[in-house]
Amino acid sequence: MPKLGSSGGSRPSHDAKARARSRRALSVFLAIASALLIQTGSARLDAPEVYAISNAQIVTSADRTIAKGSVVIRNGLIADVGENIRIPADAKVIDGTGLTVYPGLIDAYTSIGLPAPPQAAAPAGGGRQAAVAAAAANPPPPELHLGDPSASAADQVKPGGTDDARAAGITAALTSPRQGIFAGQSALINLAGADSSKMVVRAPVALTVQFSGGGAFGGAYPASLMGTVAYIRQSFYDAIHYRDEHERYERAKRGVKRPEHDKKLAALQPALRGDLPVLFVANSDNDIRRALMIADEFKLKPIIEGAMYGYRVADLLRAKNAPVILSLDFPKRPADLGEDEEESLRVLRDRAEAPKGAARLAKAGVKFAFTSGALRPQDFIANVQKAIDNGLSKQDALRALTQNAADILGAGDQLGAIEAGKIANLVVTSGDLTAKDTKVRYVFIDGSEIDLKKPEPAPARTGVRGPGSNGDAAGEWDLEVNSTRGRLLMRLSLKGEGEQLTGVLASTMGTAAIQSGSIAGNQIRLTASLNMGGQSVDLVVTGAIEGDSIRGGITAGTFGTSEFTGSRRR
Amino acid sequence: MNNHSFIKSRMKWVCGIVLSLMLTTGLAGSSLAQAIASANGVESIPPDSGGSAAPAAQSRETLIKNATILTASHGTIKNGSILIRAGKIVEVGQGVKAAGANALVIDATGKYVTPGIIDCHSHTAVEGEVNEGSLSVTAMVRIRDVIDPYSLNIYRELAGGLTTVNILHGSANSIGGQNAVVKLKQGRPVDEWFVTGAPPGVKFALGENPKRSSSQGQGAAAAPRRYPATRMGVEETIRKAFVQAKDYMREWQDYEAKKGADPSLIAPRRDLMLDALVEILQGKRFIHSHCYRADEILMLLNLGDEMGFRVQTLQHVLEGYKVAKEIAAHNTGGSTFADFWSYKMEAFDAIPYNAALMTDKGVNVSINSDSDERARRLYLDAAKAIKYGGVTEEQALRMITLNPAMQLGVEKRTGSIDVGKDADLVIFSSHPFSVYTVPEMTFIEGVVYFDRKTDIERRDALKIEKAELVKREREARGGPAAAPRRGEPVPPPKDDERK
């Protein structure tokens, strides 16, 4: 049901249908209001959601804490905050004694709510060689490999799948398409709302660009890292020419051949103008240098995402004034490595140093937010604590999770602090935000209390088992993955214990132990790290089980997401 | 995982296209490379930018004294000294004294000093694929974008006296990508590695590699081949690219000529691939062309005459001895192997006299590695030119110093021990052409980037550091904190033995 009071105070909706709905709702409201006019003071059907959290410690921002005070939420916004503020009579009051209120946390790079990208048709059977031949004869659409800068997360995002994040106190996230070099335009979403029109806080936020190292089947250009860099540069030069052609046409149309419309080159224009930041997925310092070089060449506004080894170039990041969305998905010893297998000192050093990266960026004066990467939300928060244990101040950690994230994502006026007028995204905890035994008690998103126990209605493909009872995922699964490089076969061996899943994912690329695995209802989520010659590629497997069949998606590092189907051996 | 299976599995995942190419071009000896690397005695890791041992940006004033100096340009100086100031050689000869009291003085009595060694054909420290194998003309891709400064091979090369390398795109394409001429300043930001003033270049390739690059699979499963599939097609691919480049050049020249008079004109579309080819036509960019056979060498030289480009170096050029006069007449250099041949049909006519015979006919000749393994002992490969071809010691030394410097257009800065040049130097324990010699120190612009003594001293500390890190991780995992296993060799790296 549309909330009547939200049209004025909340963010503007660009959806004409939503406006029509609210006009209809407004007339209904007027009718009801006139009928109920004499009953003011009692509960009203149309009452805005009003909450007050009283007697709580309120961490309004990384820099200010109110030892004991109250927050009032009305119409989705923070109405008031302070020590001695008036609690409105119509507020639902939550006694915050012993609790701490924080600004809602922001996960600054995810693909929450976005569908798996379309896949090339793979031949049924015949193995890899047939797949090669088929791909060469019938090449996959270039978008799989090159991406599409006009792809919009805001157009595609759907609700659902956010229970774990919200239970960890994450209330908003940047969500970005992940397929191809120019993956598309990201959106800042609140992790609640019936559809994209209610979820999107701001869009587009940035253009996502990734240095995909791999080539497409059939040998499409670019098939190397250096080719990818050249492709990105050429695309921006093409966008410059496109701009020039269209500007000339705008000046004088008569007698001039009309330039072609190209949605991809048109989509690069805001980035070229500096209106839309370009988010480069770059973990290594090599990738970061490449990204900053490209940003310099085309005067782009870069955001560096990942930045696992960004601390090695902290001064460069500071000098270029490039904000960072730092991954806390710290490198781990590959799970398939035997206990006695040796690794190089460099690898060991990198693993020991990575958790200190946040502290080093802070010291260098680099502005950064955090991204969960492939981590489960609860592990994400645990790794914030790990960064704190490795020298990051609590204030800087909170800033990264709140105000910095909001600023970097262009929503500094809307999110990131508990201030009157900002969007009412709040987390109420039993204690220190990142401490191990702290419990999240309440979460508010857009001023609505989020039910932390009951999962949201699952999107489209729901399983045979209802939410609440966990399905049985144990067994040997044969998976058929529709990758951009053709059909791949994988074997997934799973053992289950309550919500926890353990096991092994095997393929021709190697065998990886499941690092974290969970099942909720019929939905499984697994992470694994595949060691490919010293380079680890993070895999995230999500899927829905129906009886003895399974379907879902595998995200492999920056290679994008591939859909899979599979069946259980009996 | 051994190197071969790593490459295979990576191929499956990343890109099948270059597998056959890698197996035929330069992969030979890569597992050997690892074996030799461990036997080389250089097992420790280089200082990285995060460590305290990172080399300084600016050199100390340094005096190397009492050495036998092989200048590569003006003979041998016995009991000689070299004074280095601000990264440059400021004095060379007998009786040179250090001016400053704080100067670093190295007594090199009984030792030999040579110019820093230059490898005119390398694929070292390339991140990702070394070939952009999707197309046969890829002059838009740049090696400079993908240099991995952390590659362990760089340190091994420094330990072999290498200071400057020409990092080339692979040989899968008729016209490959842009090369990078770098000094191996490991530990310094990679932006400082590029030799300023070095003319840019593009890798070309003739023969087997470009013509069979896309063949994969067998029989019905074979993917269609990429054009070109014959030597004729390679020639035509290169000709066509330059025809296109000339059109593009004219388009820009027209624009530049008319834009003042007609403000409504807009600049033509900038094409990064054609930009590079235009620079070749304008003489601003070098061609370094992979080749083996005499017929294809003549084809490229003639095509250059027809289209108006000059070939700066012929790489490998194994049959260069058959057409040395023609090569010399084109003022083209030859960069060859010492004694590596018969690894494929088109390499059957290679002979170890090639370097000497081409030198006799007036070709500027260098001896290159094309290998992270041979790159560590180019001084021994140069010595082979004396054994097989009877060149002089200085001629042989020039093949890995001054001659490649000239081929890369950096001879004003490096390649010989002369006043005013960069202090790129190697101190050898004995004569560099002795099989018993060991490079002891390597200087780039006066800064020590390898010091065997320091390396040996650091090994124990590094082993302890490693054991400590392993122990801490095991404790964190809750596993048994096994005793550190001292004295075990560090395994060779898995990630940077690439071609």
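**A strand and its neighbours**

Tutor: Strand 16 of chain B pairs with strand 17 (residues 447–451) of chain B in the antiparallel sense, over 4 bridges. Strands here are DSSP runs of E with at least two residues, helices are runs of H or I with at least four, and both are numbered from the N terminus. Two strands count as paired if DSSP finds at least two bridges between them. The model is predicted, so local features need pLDDT of at least 70 and side-chain atom pairs count only at pLDDT 80 or more, while totals for chains, interfaces and linings use all residues. Residues are numbered from 1 along each chain as its sequence is written, and chains are lettered from A and ligands numbered from 1 in the order in which they are written.

Within that pair, B:Thr442 stands opposite B:Phe450 of strand 17. The two strands form a hairpin with 2 residues between them, and there B:Glu445 takes a positive phi near 50 degrees.

Strand 16 of chain B has another partner. Strand 15 (residues 425–428) of chain B runs antiparallel to strand 16, joined by 4 bridges. Here B:Leu425 has B:Phe443 as its bridge partner. Strands of a sheet pair through backbone hydrogen bonds, parallel or antiparallel.

Now burial. Strand 16 (residues 439–444) of chain B is mostly covered, with 6 of its 6 residues buried. Buried means 20 or more other C-beta atoms within 10 Å of the residue's own, exposed means 12 or fewer, and partly exposed lies in between; C-beta atoms are placed from the backbone.

For contrast, take a helix. In helix 9 (residues 263–273) of chain A, the buried residues are A:Leu265, A:Ala267, A:Leu268 and A:Ala271. They span an arc of only 155 degrees around the axis, so they lie on the same side of helix 9 of chain A. That arc is taken from the directions running from the helix axis to the C-beta atoms. On the other side of helix 9 of chain A, A:Lys263 and A:Arg273 are exposed. The buried residues of this helix pack against strand 11 (207–210), helix 8 (225–251) and strand 12 (278–282) of chain A. Contact here means C-beta atoms, placed from the backbone, within 7 Å. Just after helix 9 of chain A, A:Gly274 takes a positive phi of about 85 degrees.

Methods
Contact = placed C-beta atoms within 7 Å.
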